[in-house]
Amino acid sequence: MKLHPIETGHFKLDGGAMFGVVPKSIWQKTNPADSNNLIDMAMRCLLVEDGKRLTLIDTGIGNKQSEKFFSHYFLHGDATLDKSLERLGFHRYDITDVFLTHLHFDHCGGAIELDKSTGQFRSAFPNAHYWTNERHWQWATKPNPREKASFLSDNILPIQESGQLNFIERTSDCCATPLGFDVLFVDGHTDSMMLPLISVNGRKFCYMADLLPSVGHIPLAYVMGYDTRPLITLEEKARILNQAVAEEWVLVYEHDPINECSTLQQTEKGPRVGEVFALNTAL
């Protein structure tokens with residue numbers, strides 16, 4: 001099994017929203033803000049190469065939304081999903097499975113594209129099975145008012161209409177999948193978000209999605225204002241990060257603009273960043 005980071009570009013989000021109750025004087029040390037209080041965020045997906053299976057974990061924001069929509073997020077950088085795949089010798093038609101940690105627009109927007117010739121939405125990965133879980137699907141397709149702006153029907157409903165939608169069964173907070181890796185279910189950021197836990201050469205790699213957007217979010221109290229259940233996020237972070245320390249996991253960061261992955265170390269203040277490195281050096 002091989003893992004590859006797939007860079008799809010950067011965007012900007014409000015620093016205060018990204019760090020919740022943590023004062024700017026503290027969080028800006030690791031995630032500096034611009035004059036509009038916006039911080040740089042990556043949209044780093046993960047490609048899992050496992051024999052005949054080629055699984056893409058998350059898809060970035062895509063390019064089908066309106067100019068007005070994208071103007072709120074200041075997309076920048078030269079990286080795209082297709083360029084990143086091509087650099088590895090792959091094409092989107094080679095993808096056998098698309099695994100979506102959750103259905104917020106910056107994680108699943110690239111799963112569906114607009115056919116400009118017909119004006120219709122279509123699967124961006126026509127040969128792939130798409131994977132979410134039923135509980136999160138119901139949460140996303142019948143969104144609460146607080147998350148409604150993050151769950152865009154144009155990103156979500158065409159997946160079902162394509163006939164490519166599949167569900168991971170949630171029988172516990174850690175489940176095996178048909179994709180050759182396990183998933184950890186967490187509910188603080190949004191209901192039933194899935195974190196892939198992948199074993200490669202005896203070492204575990206955990207793709208952190210929005211439980212831990214960046215290295216700067218490692219301290220337990222550093223919880224996003226976007227989280228629907230922040231106290232549950234605190235509990236989930238404590239449990240998962242302590243396990244990551246004990247079992248020497250490598251954490252892979254989706255939104256960190258600089259750091260692809262790191263280990264953790266235990267300190268008197270709790271888990272803190274250990275060694276920071278590029279993913280390909282850990283394999």
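Reader: Hi! Let's start with Leu-251: buried or exposed?
Author: Leu-251 counts as buried, because its relative accessibility is 0%. Buried means under 20% relative accessible area, exposed over 50%, and partly exposed in between, with a 1.4 Å probe and protein chains only. Bear in mind that this is a predicted model: local features need pLDDT of at least 70, side-chain atom pairs count only at pLDDT 80 or more, and totals for chains, interfaces and linings use all residues. Residues are numbered from 1 along each chain as its sequence is written, and side-chain values use heavy atoms, with hydrogens and water left out.

Reader: Thanks! Which strand is Leu-251 in?
Author: Leu-251 belongs to strand S13, residues 250-252. Helices (H or I, at least four residues) and strands (E, at least two) are DSSP runs, numbered from the N terminus.

Reader: And what is Leu-251 in contact with, leaving aside neighbours within four places in sequence?
Author: Its partners are Cys-206, Met-208, Leu-212, Leu-241, Ala-244, Glu-260, Cys-261, Ser-262 and Leu-264. Contact here means heavy atoms within 4.5 Å.

Reader: How far is Leu-251 from Pro-5 in space?
Author: The two are 12 Å apart, C-alpha to C-alpha, although 246 residues separate them in sequence.

Reader: Zooming out, how many helices and strands are there?
Author: The protein has 8 helices and 15 strands. Its radius of gyration is 18 Å, close to the 19 Å that the globule rule gives for 283 residues, so it is as compact as a globular protein of that length. That radius is taken over C-alpha atoms, and the rule is 2.2 Å times the number of residues to the power 0.38.

Reader: What share of the residues is buried?
Author: Of the 283 residues, 52% are buried. Also, among contacts between residues at least 6 apart in sequence, 66% join residues at least 24 apart.

Reader: Switching to helix H7, which residues are buried there?
Author: In H7, residues 153-161, the buried ones are Asn-155, Ile-156, Pro-158 and Ile-159. Their cover includes helix H5 (105-108), strand S5 (112-115) and helix H6 (134-141). Just after H7, Gly-163 has a positive phi of about 80°.

Reader: Last one: how many disulfides turn up?
Author: The search of the whole structure gives 0, a disulfide being a pair of cysteine sulfur atoms within 2.5 Å. For Cys-108, the nearest cysteine sulfur is that of Cys-45, 11 Å away. Cys-174 is in no disulfide either, with the sulfur of Cys-175 nearest at 6.7 Å.

Reader: Is Cys-174 buried, exposed or partly exposed?
Author: Cys-174 is partly exposed, at 39% relative accessible area, whereas Cys-108 is buried at 0%.
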